[in-house]
Structure formats: structure tokens, C-alpha cells
Amino acid sequence: MTTSAPVWDCPFNHTEGLEFDPLLKQLLLAEERITRIRLPHGEGEAWLATRYEDVRVVTTDRRFSRAAGIGRDLPRMTPAPIAQAEAINLMDPPAHNRLRRLVAKGFTNRQVERMRPKTQRIVDGYLDDMEEHGSPTDLVHHLSGRLPMTTICEMLDIPEQDRAGLRGHAVAMMTMGPGSGAGQEHAKAALRAYFSELTAARRRDPGEDLISALATARDDEELLDDQELAVMAMVLLVTGHDTSTYQLSNITYTLLTRPEQLAKLRARPETLPRALEELLRFIPFRQGVGIARVATEDVELGGVLIRAGEAVHVSYLAANRDPAVFERPDELDLDRGTANHMTFGYGTHHCAGAHLARMELQVAIGTLLRRFPGLRLAVPAAELDWRTGSIWRYPRTLPVAW
């Protein structure tokens, strides 16, 4: 058991389409199961877990705390920390459990399935517009950049005239690189101010939306306080928008650049839910790592002694490619059929909106492939403009033809 290790300098800035970051792959396959890394921002160094079993331990063992990092300048990818102190994604049990129970009431399987017909109508309308525009056109403009924001804003009952500005702030919060810190802080402050006002109004005059439900829900007779409610609504908007927006484009791109896999899916459309799980596992949807945890006591993990107070990161991306769990992990196999990937996180902070994201993807991808049997990229894949300077990986535009 070691207490120190060589330090890897990890910019995690690989932006070649959706290729897996070679540095992250090197760390996953390194002889040392737990490695020591230095990230672009924050003070000091951190430990990094890349293998599936180690990631599972860090995300479920209460000796690794997100709350213990509040107020510390921990190693991170972005110039400014993305999460806020009152946010659920920085809480540990039991405080986390209280908010989680309240939020989960808005994302039950039954409630998400009740939204499926409306989501289908929204997708149909967007694809009607796309068909009317004609081939070629940009799928991001017509579908990817619209559906997830519309869906989460419908759940939160956010006025339509406010949505474009809120999306701009959500994108700005995830930027990286020189000079982006001020923009991050501005976006975070603007979102917080907006939701502080909106949630106060819903508390005074509740409606049928998820914010109103959270504003009036009680857990052991205790309401969310004003700050908790505002930050919770903000987190729901940002997380409800991000992953689905970019994965809609990424999944479409991945299928269109693998004609054999696409043909297999078209021949058996009933296998779409299983195929989507494999696509979610396979696609490296973000850059680097997310929010660090802090060891609250000395912990032995993977042959390394992590001292109390030291920062620990996990890589869900690497865990999704762990050969100890997934046979031929670097191959896309739509028949793999396993839903044990970590794209929606794991453990305490597993994404509460995973059911919603899956439903959106099933409706959108299924309808797109059904309505446009000749769908193809309208430009060579090498000419696509990929987003850089963000923690998310996705094409800025996705020109398609049919």
C-alpha cells in the first residue's frame, strides 16, 4: 500500500470528435489502479479512480464526501466551480436524502411515462418543421438544441420568452479555458437571481409544475428553505438541459457514421431502448472529470492509502470502458444490452432525471429514424465543427440530409 504516487498532468482537453481521450485510456489501463493527477484549475492534486469497481466504491462509501469540499479550491476542470454550496450535488446523506426524496417525486417512472405522449407531440412538431425546411438542414437547430430545454421548462413551467436566455447561461456555466471564469460566475449569478424570483412567486402562488411541487412539499414537516428551492430549480434546469441536448446529437452522429449498426437498428426498431444504453455507455459525452469528493478519514482504495482531507475524483467515462466489466469495451455493440453503465453517475448522486433523459432519447431517436429512413450526414464527418472549451463534447451543428 502506497501513500504517494507519480503525478500525472491532466488537461483532459482531447477534442477530436467523439474519440476517447487517449490520456484517460492510459490512466484506465495503467498498472496503478488509483493515480495522482493535477487538473487545469484549483489548488493541489487529487487522486483519480478510473476502474469501475473503484468508482463504485468512491461514489457509495460515505467516507468520500462532496460536502467536505465546500469552501475549498479543489482541483477541477473549470475556472470557477460549477456547483453551489446549497446545491443537492454537493450534499451528503442525510441532508442529501431529504432533497433527493422531494425531487424524486417529480421523476417517477409513472410521471415520466405520462409525459411521453406530450414529448412525442413536441418531437413530431419539430420534425414537421425540419421536413418543411427540406434537405439538407441542421439537426441541432431543429431538434437537439430544442427538445430537452423545452421538456424541462415545461416541467418547471418556465415562460417561453425566458428560455433562450436561460439556455445561454446554462451553456456559459460549462465553459473552460482562459478568460471563461468571469462568464461562468456571471451565468451562475444570473441563473440564481432568476430562480430566486421565480421560486418565491411559485411559493406564494403555486401551480401544477415541479417547482411548485417542491415549494410546497414537506419532508417530516420541513419545507425546503428559499435558497435550497432556488438552487434546486436552477440545478434541475441545467442538468435537465445538458446531457440530453448533447447526447441527441452525439447519438445521431454515432449511428450515421456506423451504417452497419444503423441498419441493424432500423431492421429491429424494437431494440432501440437496449441500443441506447450501449450508445450511452460508449460515447465519451464530456471532458475529464466532474465534482471532487474529499476523504473524511484515511481510506485504503486500490492499494493506495488516501489520507483524510485529500481530494478524490472519479471518471465515469473510464469506468464505462473498463475491460473487467465490459467485454471489448472500445467496440460499439448494440446487442450488448446492459444498463449498468455510469453515464448518469452512480451511487448517491446518480442522476434523478435519468428516466426523463431515457424517455426523451427513445422518443426523439426512434421518431427521427422512422420518419427519415434515408437520413445521412450532409457533410463529410471530418468537416463537422466540434465544440471546444466546454466540459461537454458535441458538434455545434449537425448537417443532415435525406
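**Close-up views of a predicted model**

**View 1. The largest nonpolar core.** Of the 108 residues in the largest nonpolar core, those touching the most other members are Phe12, Phe195, Leu214, Leu237, Ile251 and Leu255. Helix 10 (residues 226-256) gives the most to this core, with 15 residues. A second, separate core has 18 residues, among them Val55, Leu301, Val304 and Ile306. A nonpolar core here is a set of buried Ala, Val, Leu, Ile, Met, Phe, Trp, Tyr and Cys residues joined through side-chain atoms within 4.5 Å. Buried means under 20% relative accessible area, exposed over 50%, and partly exposed in between (1.4 Å probe, protein chains only). Helices (H or I, at least four residues) and strands (E, at least two) are DSSP runs, numbered from the N terminus.

The model is predicted: local features need pLDDT of at least 70, side-chain atom pairs count only at pLDDT 80 or more, and totals for chains, interfaces and linings use all residues. Residues are numbered from 1 along each chain as its sequence is written, and side-chain values use heavy atoms, with hydrogens and water left out.

**View 2. Surroundings of Leu214.** Not counting residues up to four places away in sequence, Leu214 touches Leu102, Val103, Leu224, Leu229, Met232 and Leu236. Contact means heavy atoms within 4.5 Å. In soluble globular proteins, nonpolar side chains tend to be buried together.

View 3. Six strands form an open sheet of mixed pairing, in the order 1-2-3-9-6-4. Strand 1 (7-9) and strand 4 (64-65) stand at the edges; each has a single partner strand, so one side of each is left without a neighbour in the sheet. Two strands pair if DSSP finds at least two bridges between them. Strand 1 and strand 2 run parallel, joined by three bridges. Asp9 stands opposite Arg38 in strand 2. Four of the five residues of strand 2 are buried, so this strand is mostly covered. Phe64 has Ala295 as its bridge partner in strand 6.

**View 4. Strand 9 and its partners.** Strand 9 (residues 311-314) pairs with strand 3 (residues 46-49) in the parallel sense over four bridges. The bridge partner of Leu48 in strand 9 is His313. Strand 6 (residues 293-295) runs antiparallel to strand 9, with two bridges. Arg293 has Val312 as its bridge partner in strand 9. Ala311 and His313 point one way from strand 9, Val312 and Val314 the other, and all are buried. In a regular strand the side chains alternate between the two faces of the sheet.

**View 5. Helices across the sheet.** Helix 1 (residues 22-29) lies across strand 1, strand 2 (34-38) and strand 3, running at about 165° to strand 1. Helix 2 (residues 52-60) lies across strand 2, strand 3, strand 4, strand 6 and strand 9, at about 125° to strand 9. Axes are lines fitted to C-alpha atoms, for helices over the stretch in contact, and angles run from 0 to 180 degrees between N-to-C directions.

View 6. Glu310 lies in the loop between strand 8 (304-306) and strand 9. Glu310 counts as buried because its relative accessible area is 18%. Its side chain makes a polar contact of 2.8 Å with that of Trp47. A polar contact is a pair of N or O atoms within 3.5 Å; within protein, one must be able to donate a hydrogen and the other to accept it, and residues adjacent in sequence count only if both atoms are side-chain atoms. Leaving aside neighbours within four places in sequence, Glu310 is in contact with Arg36, Trp47, Arg293, Val294, Ala295 and Leu305.

**View 7. The loop at Asp73.** Asp73 sits in the loop between strand 4 and helix 3 (95-104). Asp73 is partly exposed, at 34% relative accessible area. The side chains of Asp73 and Arg76 make a polar contact (2.5 Å). Asp73 and Gly42 are 31 residues apart in sequence, yet 5.1 Å apart in space, C-alpha to C-alpha. Leaving aside neighbours within four places in sequence, Asp73 is in contact with Gly42 and Glu43.

**View 8. Helix 6 and Cys153.** Helix 6 (residues 147-156) is mostly covered, with nine of its 10 residues buried. The buried residues include Leu147, Ile152, Cys153 and Leu156. Just after helix 6, Asp157 takes a positive phi of about 55°. Cys153 counts as buried, at 0% relative accessibility. A search of the whole structure finds zero disulfides (pairs of cysteine sulfur atoms within 2.5 Å). Cys153 is in no disulfide; the nearest cysteine sulfur, that of Cys351, is 16 Å away.
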